[in-house]
Amino acid sequence: QLAYDYYKTTCPNAEAIVRREMLSFAFLDATAPAAFLRLMFHDCQVQGCDASILLDPIGLKSEIKSSRNFGIRKLDAIEYVKSALEAECPGQVSCADIIALAARESVALSGGPHIAIPLGRKDSRASNYQQADAHLPSPSISVDAFLHIFMAKGLNLEESVAILGAHTLGAGHCLNIIDRLYNPKPDDLMNPVFEARLRLQCPTLNPLMNLTATSNDITPIIFDNQYYRDILLGKGLFFIDSSISRDPRTSDIVKQFAIDQDYFFRAFSSAFVKLSSANTLSKTKGEVRKQCSRVN
Ligand code: HEM
Ligand SMILES: [Ca+2]
Ligand SMILES: [Ca+2]
């Protein structure tokens, strides 16, 4: 039911408007594209790509309150794009499509591939933090469980390794790293210089003492294949990043992506289309919200 020309008659400028707004957000804050890319994953991973992450019902515990959504940013920016689209074509463009388009533009304007995505997602009428707790992965997830998540959405092995290449952008907080540093799994070997630097930044196991963020790869505002070279050198920020560089099922793909950026971009593009189209709501089950934080 999604279509590449979904807004052709109802809102022909929709994609151009999202592109324009994303460009200005990126100019104001170079870390914004990372936030939009992660937002798409965290929306699609819980109830499907339905903007459930944006709902903030008064008095109820919504998805965004889940601890797994720690560090999610720029929700106000999506609301701003929504108001621009409501002014252009009222009641047409769903918040779920805005999230997907914002992520797509973020990749392109950071130097990554230009990805054509089908549109027509509908917005959910509910969100629930327990769903987020249950479905958003922990940074210490096993390679098995990681592959299971993405293969269940129709990604193949190559595409699953490629989608984690989203960690070429952005940063992570100590909260998500301290376990690796102070309660390491026996097979979690890091580059010693990198590990020493992380310990300086995240000095104790107490998460309240560690508010710093560290970049995911050494080029955190550029969408490139540096992430794969970093993880091969033992400089992956999270346990799962390091794990895919060692697991026999994924390590050869990591090595290929590390030397061939075009190959990474192609696999990432098809992975992105699949992830951002997973479990979308049909016309009768969802709606097009007027305001992204509220049901109509
Ligand atoms: C098993 C899969 C994944 C795990 C365990 C994981 C985990 C994490 C964690 C723990 C953070 C840091 C949050 C913080 O401390 O602020 C993070 C950041 C990020 N993740 Fe993932 N992630 C996964 C997959 C993905 C996917 C599929 C995407 C996008 C397609 C993605 C995009 C990002 C981005 C862009 C950031 C940086 C956000 C920012 O700088 O604001 N991740 N991820
Ligand atoms: Ca969702
Ligand atoms: Ca990068």
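This is a predicted model: local features need pLDDT of at least 70, side-chain atom pairs count only at pLDDT 80 or more; totals for chains, interfaces and linings use all residues.
Local features are reported at pLDDT of at least 70 and side-chain atom pairs only at pLDDT 80 or more, whereas totals for chains, interfaces and linings use all residues. Residues are numbered from 1 along each chain as its sequence is written, and chains are lettered from A and ligands numbered from 1 in the order in which they are written.

The protein chain is divided into domain 1 (14-136) and domain 2 (143-273), with bounds that come from an automatic or database domain assignment. The centres of the two domains, taken over C-alpha atoms, are separated by 22 Å. Their contact takes 16 residues from domain 1 and 15 residues from domain 2; two residues are in contact if their C-beta atoms, placed from the backbone, lie within 7 Å. On the side of domain 1 that touches domain 2, α2 gives the most, with five residues. Helices (H or I, at least four residues) and strands (E, at least two) are DSSP runs, numbered from the N terminus. That side of domain 1 has 10 nonpolar, five polar and one charged residues. In this classification Ala, Val, Leu, Ile, Met, Phe, Trp, Tyr, Cys and Pro count as nonpolar, Asp, Glu, Lys and Arg as charged, and the others, Gly among them, as polar.

Of the 27 residues around ligand 1, Gly-71, Ala-166, Gly-170, Gly-172 and His-173 come nearest; a residue is near a molecule or strand if its C-beta atom, placed from the backbone, lies within 6 Å of it. The elements that give two or more residues to this shell are α2 (32-44) and β1 (171-173). The largest share, five residues, comes from α2. By class, the shell divides into 17 nonpolar, eight polar and two charged residues.

Two packed helices are described by the angle between their axes and the distance between the axes. The axes of α1 (residues 14-28) and α3 (residues 75-88) come within 10 Å and cross at roughly 145°. Axes are lines fitted to C-alpha atoms, for helices over the stretch in contact, and angles run from 0 to 180 degrees between N-to-C directions. The contact is made by Ala-14, Ile-17, Val-18, Glu-21 and Phe-25 of α1 and by Ala-77, Tyr-80, Val-81, Ala-84, Leu-85 and Glu-88 of α3. Nine of these residues are nonpolar, none is polar and two are charged.

The loop between α2 and α3 holds Gln-47 and Lys-74. Gln-47 has a positive phi of about 65° although it is not a glycine, and phi of Lys-74, likewise a residue other than glycine, is near 70°. Gln-47 counts as buried because it has 20 C-beta neighbours inside 10 Å; the term applies at 20 or more other C-beta atoms within 10 Å, with exposed at 12 or fewer and partly exposed in between, C-beta atoms being placed from the backbone. Lys-74 is buried, with 20 other C-beta atoms within 10 Å.

Cys-292 lies in the segment after α13 (261-275) and counts as buried, with 24 C-beta neighbours inside 10 Å. Leaving aside neighbours within four places in sequence, Cys-292 is in contact with Ala-51, Leu-54, Ile-78, Glu-79, Lys-82 and Cys-95.
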